[in-house]
Amino acid sequence: MQFGIVYVCFEFNKYKFYLEVARRKNMLRNLVKQYSSCRAIYLAASRLNINETKIQMINFPRHDSQELTEISDDKILNSSVHSKPFAEVEKQADNTKALPSEFSEFVDDLGPPLPIAFNLAAYVNRSETLQNLVRLGVDLSEIEKSHEKAKYVLNLDFEKHVKGHIQFLHDNGINADNMGRLFTKNPFIFKERIEDLEVRLNYLHSKKFTTEAIVRIITANPFFLSLVTKNVDTRLGFFQKQFILTGAEVRYLVTKCPKLLTYSMDKFREKLFTMKEEFGFSCNEMKKLLLMKPKVWMLGRVQLKERFNVVHKIMGISHETILKFPEVFTRREFILKQRHFYLVHLDRAQYDPEQPLYVSLHDLATLSDSEFCKKCAKTSVTAFYEFLKTL
C-alpha cells in the first residue's frame, strides 16, 4: 500500500515537471515572436529615418481648407464643379503623375534587406559594380562558384577599385571583349595597384616582348598580372637554364603557352624527372618537346605515363617519331589503344611513312571517330563500334 502511494506521488511530480517544461517552452516561443516583431519594427523605423528626405520630396496633392458659407441655388447652378464634373479629379491626376516613380523608389528602400543569397544575381539590381561588370561580359556564374571570389567582387566599389584598372588595361591594348574573360578568371586583379601592374608590363618590355605578345600573355593567362616581377624573372631563368634556351626561344615559349608562368614548379619538376628517368628522353629531346608542345608538360603525371606506355610500348613508336607528332600525348590513352587495336585487327597498324598503308599518328590522335574510320581504317564507323564491343 505504501509503495502504491509513493508511486502515485512520483508520477504526480513527474506530471507537474512536464507541465512546467511545456509552460516554459511556450514562454520562450512567445519571446522569440515578440523579438522578431520588435526587430522588424526597428528595421522599418530606421529605414524611415534614412529615407525622411525622400518622403519630403514627394509632392502629395494638397486641398486648401474652405470655410462653410451659406449655399444658394445660384451658386450651385453656376458652380464650375457641376459644369465640369471631373475637372477637379483630372487636376488631381495631373498633380500625381510624377508620383509612381518616386514612390516606387521609396517603397523599394523600405523593403527588407537582402537575405543570404546563393548567387550574385540577387544583388545585381542594387550594385553598380556588378552591373558594369556584366556589361563588360563578366560571367558571374563562374565567379560565384568560389565563395571567396564572390564575396570580394560584391564589396568592390566601381569608381574606387574597378574603373582605373579597366582604363589601364585598355591603354595597354586589351579590348573590351577580352576584359570580360580576364575579370571572370581573375577578379583579384583589382587588388593589385596600378603602379605594380605597370612595373610588371615594363619588365616584359625590357625582355623585348612585343606589344602583341604581351597582350596574348595577359589574355591567355589572366593570373600573370598577379605575379610579382621577381617570381616571373625566376621562372624565366629556370626555363632558360634547365633547357638551355636562347632569349628568342624563351619569348617564343612564354608567348605560345603563357600558363607555364603560373604553373606549379613542383609539378613541373616531377614531369621533368618522369621524362628523363622514366621515359628516357634526352635533354635535347625534352627541349624539342617543350617548344613544340608545352601543353604536354602541364598534363597529370599519371595521364602522361599511361599515354606514353600505349604509344611507346604497345604501339612501338620510337622517341624520334613521338617528337614529330607530340599530339599523341593530348589524346586519352583508351582512345589511342582502341584505335590501334582496330588497325591491328584490319592489318593496317603501319606507322612508318616509308611503308605502304601508312597511318599518320597526327590523324590517329586528332581525328574524330568517323574521320578516323574514313581516312585511316577505310571502314565504316558502325564496323568500328561493333569491334569495340568485342574488346
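Me: What share of the contacts in this protein with a separation of 6 or more comes from residues 24 or more positions apart?

Reply: In this predicted model, such pairs account for 67% of those contacts.

Me: What makes up the fold, in helices and strands?

Reply: There are 23 helices and 0 strands. Of the 391 residues, 33% count as buried. The protein exposes about 26100 Å², and carbon and sulfur atoms supply 56% of that area.

Me: Let's turn to helix H14. How do you know that the span of H14 agrees with its number of residues?

Reply: Residues 229-242 make up H14, which is 14 residues.

Me: Which residues of H14 are buried, and what do they pack against?

Reply: Thr 229, Val 232, Arg 235, Leu 236, Phe 238 and Phe 239 are the buried ones. They pack against helix H12 (194-206), helix H15 (247-256) and helix H16 (265-278). As a reminder, residues three or four places apart in an α-helix point the same way, because there are 3.6 residues a turn.

Me: Why is Ile 244 called exposed?

Reply: The cut-off for exposed is over 50% relative accessible area. Ile 244 has 65%, so it is exposed.

Me: Where does Asp 347 lie, and why does it count as exposed?

Reply: Asp 347 belongs to the loop between helix H20 (333-345) and helix H21 (361-366). Its relative accessible area is 63%, and the limit is over 50%, so Asp 347 is exposed. Asp 347 is not a glycine either, yet has a positive phi of about 60°.

Me: Now for H15. Why is Thr 255 called buried?

Reply: Buried means under 20% relative accessible area. Thr 255, in helix H15, comes to 19%, so it counts as buried. Setting aside residues up to four places away in sequence, Thr 255 touches Phe 209, Ala 213, Arg 216 and Ile 217.

Me: What does the side chain of Thr 255 reach?

Reply: The side chain of Thr 255 reaches the backbone oxygen of Arg 251, at 2.7 Å. The limit for a polar contact is 3.5 Å.

Me: How does the span of H16 compare with what is expected?

Reply: H16 has 14 residues and runs 19 Å from its first C-alpha to its last, close to the expected 20 Å. Its buried residues are Met 265, Phe 268, Lys 271, Leu 272, Thr 274 and Met 275, and they pack against H14, H17 and helix H18 (301-314). Gly 280 follows H16, with a positive phi near 85°.

Me: Which residues of H17 are buried, and what do they pack against?

Reply: H17 covers residues 283-292, and its buried residues are Glu 285, Met 286, Lys 287, Leu 289, Leu 290 and Leu 291. Their packing partners are H15, H16 and helix H19 (319-324).

Me: What makes Cys 373 and Cys 257 count as buried?

Reply: The limit is under 20% relative accessible area. Cys 373 has 0%, so it is buried; Cys 257 has 9%, so it counts as buried too.

Me: Which residues have the most contacts inside the largest nonpolar core?

Reply: That core has 90 residues, and those with the most contacts inside it are Phe 183, Phe 224, Trp 297 and Phe 372. Among the residues that Phe 183 touches, leaving out those up to four places away in sequence, are Leu 133, Val 138, Ile 166 and Phe 190.

Key: Residues numbered from 1 in each chain as written. Predicted model: local features only at pLDDT ≥ 70, side-chain atom pairs only at ≥ 80, totals over all residues. Heavy atoms only, no water. Helix = DSSP H or I, 4+ residues; strand = E, 2+ residues; numbered from the N terminus. Buried < 20%, exposed > 50% of the residue type's maximum accessible area, 1.4 Å probe, protein only. Contact = heavy atoms within 4.5 Å. Areas by Shrake-Rupley, 256 points an atom, 1.4 Å probe, with all protein chains shown as cover. Expected span 1.5 Å × (residues − 1). Core = buried A, V, L, I, M, F, W, Y, C linked by side-chain atoms within 4.5 Å. Polar contact = N/O pair within 3.5 Å; in protein donor to acceptor, adjacent residues only side chain to side chain.
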